[in-house]
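The following exercises concern a predicted model. Each task is followed by a worked solution.

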Amino acid sequence: MDNSSTTPGERQLTRRRRRPIVLTVLLTLITCAAAAVGVVSWTSERVSSDLTDREMTCCWEDGATPAWMSEQIGIRIPETASDHRAGYKVGQRYDTGLLSFVLRSDEAAAYTGRLIREGTRMSGNLHPEEQGYRPAAAFQHLGLPEPETFVRGLRRTSMCPDDLETPEGKYLQRCIDLFTHEYTPGTTRIYIRSTIEPSVTPPPSTAAKPVP
């Protein structure tokens, strides 16, 4: 058909009729693009969540008892302590040991005073992590909340065994992060996390069999 035979009015009418079609096509393309971005984002979040869940449950060794973990880290557990818990996680670059126990608050203060250097004060948790915080080696594996999320009643410090000649520090074998949390008045839980060279002192893979 020869376009020259159409009048200006007819051409304008044709353009007006095409506009809704073009807009519909554009809106459809935008909607499809947004949906694709949403699917990619959801898939990425799902994969990241699955990887985090696997990281949380992976590579924990059996047989890492509180007594064994106490020996590896060089943290002596007071005889009056209760609710002893421990875990040992194998990592790609380093392993992590966890140890926790409960003391009366006055005993906990005396214990940490024998551990840290004289004049050193444990600090409060000035920048707490949000609820749901999950480090690679989480105390959640021991059925405990993460101490980094607490604000009230929490004190924390870090130390290494280098020249630590305090009454309890002289037994320390590894660098540790130490947390104390008075979760109820008069009762304090001690949390200890330690980085350990991989394969240096792995825990026993199975618990000792009872003697028949």
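**Exercise 1.** Which residues are buried in helix 2?

*Solution.* Begin with the extent of the element: helix 2 covers residues 66-73. Next, apply the cut-off, by which a buried residue has under 20% relative accessible area. Pro66, Trp68, Met69, Ser70, Gln72 and Ile73 are buried in this helix. Helix 2 is thus mostly covered, with 6 of its 8 residues buried.

**Exercise 2.** State which strands the buried residues of helix 2 pack against, and identify the residue that follows the helix.

*Solution.* The packing partners of these buried residues are strand 1, strand 2, strand 4 and strand 5. After helix 2 comes Gly74, which has a positive phi, near 90 degrees.

**Exercise 3.** Describe the order of the strands in the sheet and name its edge strands.

*Solution.* The sheet is open and has 5 strands, arranged in the order 1-2-5-4-3 with antiparallel pairing. At its edges are strand 1 (82-89) and strand 3 (154-159), each of which pairs on one side only. From one strand to the next, the twist averages 15 degrees.

**Exercise 4.** How many bridges join strand 1 to strand 2, and which residue stands opposite Arg85?

*Solution.* Strand 1 and strand 2 (residues 95-104) run antiparallel and are joined by 6 bridges. Opposite Arg85 stands Ser100, in strand 2.

**Exercise 5.** Determine which strands helix 3 touches as it packs on the sheet.

*Solution.* Helix 3 (residues 105-115) touches strand 2, strand 3, strand 4 (176-184) and strand 5 (187-196). The direction of helix 3 makes about 135 degrees with that of strand 2.

Definitions and conventions
Residues numbered from 1 in each chain as written. Predicted model: local features only at pLDDT ≥ 70, side-chain atom pairs only at ≥ 80, totals over all residues. Heavy atoms only, no water. Pairing = 2+ DSSP bridges. Helix = DSSP H or I, 4+ residues; strand = E, 2+ residues; numbered from the N terminus. Axes fitted to C-alpha atoms, helices over the stretch in contact; angles between N-to-C directions. Contact = heavy atoms within 4.5 Å. Buried < 20%, exposed > 50% of the residue type's maximum accessible area, 1.4 Å probe, protein only.
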